[in-house]
Amino acid sequence: MTTVIHSVRLIDDGAVTPDAWIAFADGLVQATGTGGAWRELPAADVIDGHGAHLAPGFVDIHGHGGAGASFDDGVEAIRTARAMHLAHGTTRAVVSLVTASIDDLARRVAVVADLVERDATILGSHLEGPFLDVAHKGAHTESLLRPADAASVARLVDAGRGTVRQVTLAPELPGGLDATAQFVAAGVAVAVGHTSATEEQTRAAFDAGATILTHAFNGMPGIHHRAPGPVVAAMRDDRVTLEIIADGTHVHPDVIALAFAGAPGRIALITDAMAAAGASDGHYELGGLAVTVTDGTARLDSNGSIAGSTLTQDAALRLVVRGGLALPTAVAALTSVPARAIGVAGRYGSLRPGASADAVVLDDDLRVRQVWVNGAAIALGAGAGQ
């Protein structure tokens, strides 16, 4: 069956196209255009967009849960959290797993690998740890942090059966650069994060194959005029995508604007969402650590450190647009840029013909009104678009 959505403002490829239409068939984008040419298509389902915005489905390459559920807690928890984020426009996501023992992580990536076969909205797993720096551990259990070794890397990659999409590590730790090369050789995107690396050490990681900076500015040294650090190294390297948590808490909006200006076309807006995203304030757990969420901000009970976010990607879109970012640039940071960072560009994060028919309808306030995955409309649950 062919579905046509017409009379929309199409946001894709760095532009907003008014009076646009799009046709879905067999789970893919069949064609796009403007005006009334859609009437020539033998469509079985025609939808009037009434001038709303239509964007590619959002792609989140770094998130830990939502709707009261954590991705570390198994199949049903992953499904619960994914359903909430899907209602907020995130049509495809990588399942991020916090630091645990190698045995536990191997089991968890195997669970995600099984889910990938049954749930096309899950793109694979992201190992945020355990190869992280103690001094920038954030919400990771210190006793489980460790340098990388070849046997552990191989075990985790093997357990994922080709579905480990990303790993965050501190490259300055013993074995860090060797692990970077080993992961890259296995097809895993390596991100520098939770690190004390200098600019020089970060550049060495990029030369070894790392291509992402995990939640830039958070979990790493800041920018200093005599010690530029990882953020400047990433901004100056066109091979690197910088993740940003655009909730207004992790990074000030003016600094977010600075990042977009310093690395145009290379900012990926992630959620880093923990279980409280889409849920109420209260007491939670992240990676075995106690967390309290107050006014939407999650902090560790032990030391007050920020512990993930309660962000959804549509909220990130609204924040950066309010801050003055052009809408097409903001949408790209939620779609094509993160898709490219993990090697799925073209198939996801785009509405060009041949791409997966994942789309989000947004009203004038940039709130989600409808979502499609593989050309099928998704029933939005309570709280969607809020």
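Predicted model: local features only at pLDDT ≥ 70, side-chain atom pairs only at ≥ 80, totals over all residues.
Helices (H or I, at least four residues) and strands (E, at least two) are taken here as DSSP runs, and they are numbered from the N terminus. The structure holds one cavity of 30 Å³ or more, and the axes of helices α8 and α9 come within 10 Å.

**The cavity and its lining**

- Rolling a probe the size of a water molecule over the atoms shows where empty space is left.
- The largest cavity has a volume of about 60 Å³, and of the 13 residues that line this cavity, the closest to its centre are Asp60, Gly63, Phe71, His85 and Ala93.
- Helix α1, which covers residues 75–87, and strand β9, which covers residues 90–98, each supply at least two residues of the lining of the largest cavity, and β9 gives the most, with three residues.
- Sorted by class, the lining of the largest cavity consists of four nonpolar, seven polar and two charged residues.

**The packing of α8 and α9**

- Helix α8 spans residues 313–322 and helix α9 spans residues 327–334, and their axes cross at roughly 150°.
- Because angles over 145 degrees count as roughly antiparallel, this crossing makes α8 roughly antiparallel to α9.
- The crossing of α8 and α9 is right-handed.
- On the α8 side, Gln313, Leu317, Val320 and Val321 take part in the contact, where they meet Leu327, Ala330, Val331 and Leu334 of α9.
- By class, this contact of α8 with α9 has seven nonpolar residues and one polar residue, with no charged residues.

Methods
Residues numbered from 1 in each chain as written. Heavy atoms only, no water. 1 Å grid on protein atoms, 1.4 Å probe; cavity = no way out; pocket = protein on both sides within 12 Å on 5 of 7 lines; lining within 4 Å. Points joined across faces, edges and corners; volume = space filled by probe spheres on them. Nonpolar A, V, L, I, M, F, W, Y, C, P; charged D, E, K, R; others polar. Axes fitted to C-alpha atoms, helices over the stretch in contact; angles between N-to-C directions. Parallel < 35°, antiparallel > 145°, perpendicular 65-115°, else oblique. Left-handed = near helix turned anticlockwise from the far one by under 90°. Contact = heavy atoms within 4.5 Å.
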